[in-house]
Structures are given as C-alpha cells and as structure tokens.
Amino acid sequence: MTLWIAIVVAAVGSYLIKVTGLLLPGVPRVNAVLERPRVRRAIELLPVALLAALLAVEAFASGQRLVIDARTAGLAAAVIALALRAPFIVIVVVAAVVAALVRLLF
C-alpha cells in the first residue's frame with residue numbers, strides 16, 4: 001500500500017508542477033519578470049545547459065567515478081564530425097562506429 005501512495009503522490013506532484021509552469025506566465029508580476037532581457041536569455045539557454053550536463057554525466061561518469069572509455073572516444077569523434085559540419089545522422093553513425101571500434105580493440 002505504501003508503494004501506491006508514493007506513486008500517487010509523485011504523479012499528483014508532477015502534474016501540479018506542470019500546471020504551475022503553464023499558469024505562472026499569465027500572472028502579471030511573473031510575466032514582468034519573464035519579459036526582462038536577462039531572464040529571457042537565461043530561459044532560452046537553460047535547455048542547452050541541462051542537455052550539456054546530461055551529456056557530460058553520461059559520457060564521463062560510471063557510478064561515482066570519472067572514467068574515460070569508449071564513450072569518450074565516440075563523443076570526441078562526434079565533436080570532430082560536428083566541426084566538419086556533417087549531417088546529424090552522419091555524426092551519430094561516426095560516434096557509434098568509433099565507440100564500437102574502441103570497445104572492440106581495447
């Protein structure tokens with residue numbers, strides 16, 4: 001029974017957070033803050049920062065340890081392909097192939 005209570009509380013909490021995010025921009029005081037250029041710029045950059053943090057954790061961490069392995073080589077290959085302005089699918093394939101080769105050889 002405790003598990004179901006936790007699931008319901010988490011679901012309701014998640015729903016309330018989403019509804020709050022939809023309703024807040026309609027409040028005049030909040031809207032005035034959101035329209036400031038610095039705040040707007042920070043809001044625009046927030047998804048990029050969160051994705052970069054997720055990428056760093058997934059590429060360089062294993063549990064509580066910092067590691068450099070095939071994932072790092074794949075990421076490096078993807079960065080090089082991106083710098084060469086390769087199409088997205090090519091970047092993904094290059095990263096996967098390099099990571100696979102490093103795992104195979106080492």
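Colleague: Is Leu101 buried, partly exposed or exposed?
Modeller: In this predicted model, Leu101 is found in helix H5, which covers residues 88–105. Its relative accessibility is 44%. Buried would need under 20% and exposed over 50%, so Leu101 counts as partly exposed.

Colleague: What is the accessible area of the nonpolar surface patch that includes Leu101?
Modeller: Leu101 belongs to a patch on the surface whose members include Phe88, Ile89, Val97, Leu104 and Phe106. Val90, Val92, Val93 and Leu105 are also among them. Together these residues have an accessible area of about 1,100 Å².

Colleague: How are H4 and H5 oriented to each other, roughly parallel or roughly antiparallel?
Modeller: The axes of H4, residues 70–83, and H5 come within 8 Å and cross at roughly 150°. Angles over 145 degrees count as roughly antiparallel. The two helices H4 and H5 are therefore roughly antiparallel.

Colleague: Is the crossing of H4 and H5 left-handed or right-handed?
Modeller: The angle between H4 and H5 is roughly 150°, with the axes coming within 8 Å. The hand of the H4 and H5 crossing is right-handed.

Colleague: What is the phi of Arg85?
Modeller: Arg85 sits in the loop between H4 and H5. Most residues other than glycine have a negative phi. Arg85 is not a glycine, yet its phi is positive, at about 60°.

Colleague: Is Arg85 buried or exposed?
Modeller: The relative accessible area of Arg85 is 76%. The cut-off for exposed is over 50%, so Arg85 is exposed.

Colleague: How many salt bridges does the model have?
Modeller: Side chains of opposite charge can pair when their charged atoms come close. The rule asks for a side-chain nitrogen of Lys or Arg within 4 Å of a carboxyl oxygen of Asp or Glu. By this rule the count of salt bridges is 3.

Colleague: Which residue meets Arg40 in a salt bridge?
Modeller: Arg40 is partly exposed, at 38% relative accessibility. The N to O distance is 3.0 Å, and the partner of Arg40 is Glu35.

Colleague: How far apart are the closest N and O atoms of Arg41 and Glu44?
Modeller: Arg41 and Glu44 both lie in helix H3, residues 37–60, and are 3 residues apart, about one turn of the helix. Arg41 is partly exposed at 49%, and Glu44 is partly exposed at 46%. They form a salt bridge in which the closest N and O atoms are apart by 3.9 Å.

Colleague: Which residue forms a salt bridge with Asp69?
Modeller: Asp69 counts as partly exposed at 31% relative accessibility. The closest N and O atoms are 3.3 Å apart, and the partner of Asp69 is Arg71.

Colleague: What separates the C-alpha atoms of Arg103 and Val9?
Modeller: Arg103 has its place in helix H5 and counts as exposed at 56% relative accessibility. Along the chain, Arg103 and Val9 are 94 residues apart. Their C-alpha atoms are separated by 42 Å.

Colleague: What is the C-alpha separation of Ile68 and Leu104?
Modeller: Ile68 is in the loop between strand E2, residues 65–66, and H4. Ile68 is exposed, with a relative accessible area of 71%. Ile68 and Leu104 are 36 residues apart along the chain, and their C-alpha atoms are separated by 15 Å.

Colleague: How far apart in space are Trp4 and Val94?
Modeller: Trp4 lies in helix H1, residues 2–23. With a relative accessible area of 59%, Trp4 is exposed. Trp4 and Val94 are 90 residues apart in sequence, and from C-alpha to C-alpha they are apart by 44 Å.

Conventions:
Residues are numbered from 1 along each chain as its sequence is written. This is a predicted model: local features need pLDDT of at least 70, side-chain atom pairs count only at pLDDT 80 or more; totals for chains, interfaces and linings use all residues. Side-chain values use heavy atoms; hydrogens and water are left out. Patches are made of residues with over 30% relative accessible area and no salt bridge: like charges are joined within 9 Å, nonpolar side chains (Val, Leu, Ile, Met, Phe, Trp, Tyr) within 5 Å. Accessible areas come from the Shrake-Rupley method with a 1.4 Å probe; for residues, only the protein chains shown count as cover. Helices (H or I, at least four residues) and strands (E, at least two) are DSSP runs, numbered from the N terminus. Buried means under 20% relative accessible area, exposed over 50%, partly exposed in between (1.4 Å probe, protein chains only). Axes are lines fitted to C-alpha atoms, for helices over the stretch in contact, and angles run from 0 to 180 degrees between N-to-C directions. Angles under 35 degrees count as roughly parallel, over 145 as roughly antiparallel, 65 to 115 as roughly perpendicular and the rest as oblique. A crossing is left-handed if the near helix is turned anticlockwise from the far one by less than a right angle, and right-handed if clockwise.
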